[in-house]
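Grab a viewer and work through these exercises with the model open. Each one gives a task and then a solution that goes step by step.

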Amino acid sequence: MFVISLVVKDEFGVTQRILAEFTRNKINIDSIVGGTCEQPGKSRIVISMIDENDALTAATRLQTLQDVYEMEMIPPERQAAYALMAMSSGGVGVVGRSAEVNEIIERSKPERYVKALNAL
């Protein structure tokens, strides 16, 4: 899994402009998480992809956008994952290193989970 962490402008339409780069380059996103970050007035978007070439292409293209202040490819040892499973009594969450979360999901009912990667 390849993870890109972006610090971007916190304004309307930024996510759409970033995702347009993926559409233009026909790059599939495995998961995307966004929200406010530790830097005032900025947001963080974390995107994961399965294909290394797609991740490298995306990283190159994203660095050229005016909305992107910082872009970092997250090494595997800094990747964290979380997964949510829908149950009748509510959602159940699993958080940990990517490999740990994958192992827990595989031992259970993988089709019931939604997983996303994040960056520590």
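**Exercise 1. A residue outside the helices**

Task: decide whether K26 is buried or exposed, and find where in the chain K26 is placed.

Solution. Start with accessibility: K26 comes out at 74% relative accessibility, and since exposed means over 50%, K26 counts as exposed. Keep in mind that this is a predicted model, so the value is computed from predicted coordinates. Next, location: K26 sits in the loop between α1 and β2 (31–36). Finally, check the backbone: phi of K26 is positive, at about 55 degrees, although this residue is not a glycine.

**Exercise 2. The whole chain**

Task: work out how many helices and strands the protein chain has and in what order the elements run.

Solution. Count first: there are 3 helices and 7 strands. Then read from the N terminus on, which gives β-α-β-β-α-β-β-β-α-β. For burial, 37% of the 120 residues count as buried. For contacts, take those with a separation of 6 or more: residues 24 or more positions apart account for 63% of them.

**Exercise 3. The buried face of α2**

Task: list the buried residues of α2 and say what they pack against.

Solution. The buried set is A55, A58, A59 and L62. Seen down the axis of α2, the set falls within an arc of 100 degrees, so these residues line one face of the helix. Their packing partners are β1, α1, β3 and β4.

**Exercise 4. How α1 meets α2**

Task: describe the packing of α1 and α2 by angle and axis distance, then name the residues that meet.

Solution. The angle is about 135 degrees, and the axes lie 10 Å apart. That angle makes α1 oblique to α2. The crossing of the two helices is right-handed. At residue level, I18, E21 and F22 in α1 meet A58, R61 and L62 in α2. Sort the residues of this contact by type and you get 4 nonpolar, no polar and 2 charged.

**Exercise 5. The faces of α3**

Task: which residues of helix α3 (residues 98–107) are buried, and which exposed residues does the face turned away from the buried side carry?

Solution. Buried here are S98, V101 and I105. They cover an arc of only 65 degrees around the axis, which puts them on the same side of α3. The face turned away from this buried side carries the exposed residues A99, E106 and R107.

**Exercise 6. A pair brought together by the fold**

Task: say which strand holds I74, and how far apart I74 and I4 are in sequence and in space.

Solution. Strand β4 is where I74 is found. With a relative accessible area of 6%, I74 is buried. I74 and I4 are 70 residues apart in sequence, yet 5.9 Å apart in space, C-alpha to C-alpha.

Key
Residues numbered from 1 in each chain as written. Predicted model: local features only at pLDDT ≥ 70, side-chain atom pairs only at ≥ 80, totals over all residues. Heavy atoms only, no water. Axes fitted to C-alpha atoms, helices over the stretch in contact; angles between N-to-C directions. Helix = DSSP H or I, 4+ residues; strand = E, 2+ residues; numbered from the N terminus. Parallel < 35°, antiparallel > 145°, perpendicular 65-115°, else oblique. Left-handed = near helix turned anticlockwise from the far one by under 90°. Contact = heavy atoms within 4.5 Å. Nonpolar A, V, L, I, M, F, W, Y, C, P; charged D, E, K, R; others polar. Buried < 20%, exposed > 50% of the residue type's maximum accessible area, 1.4 Å probe, protein only. Arc of directions from axis to C-beta.
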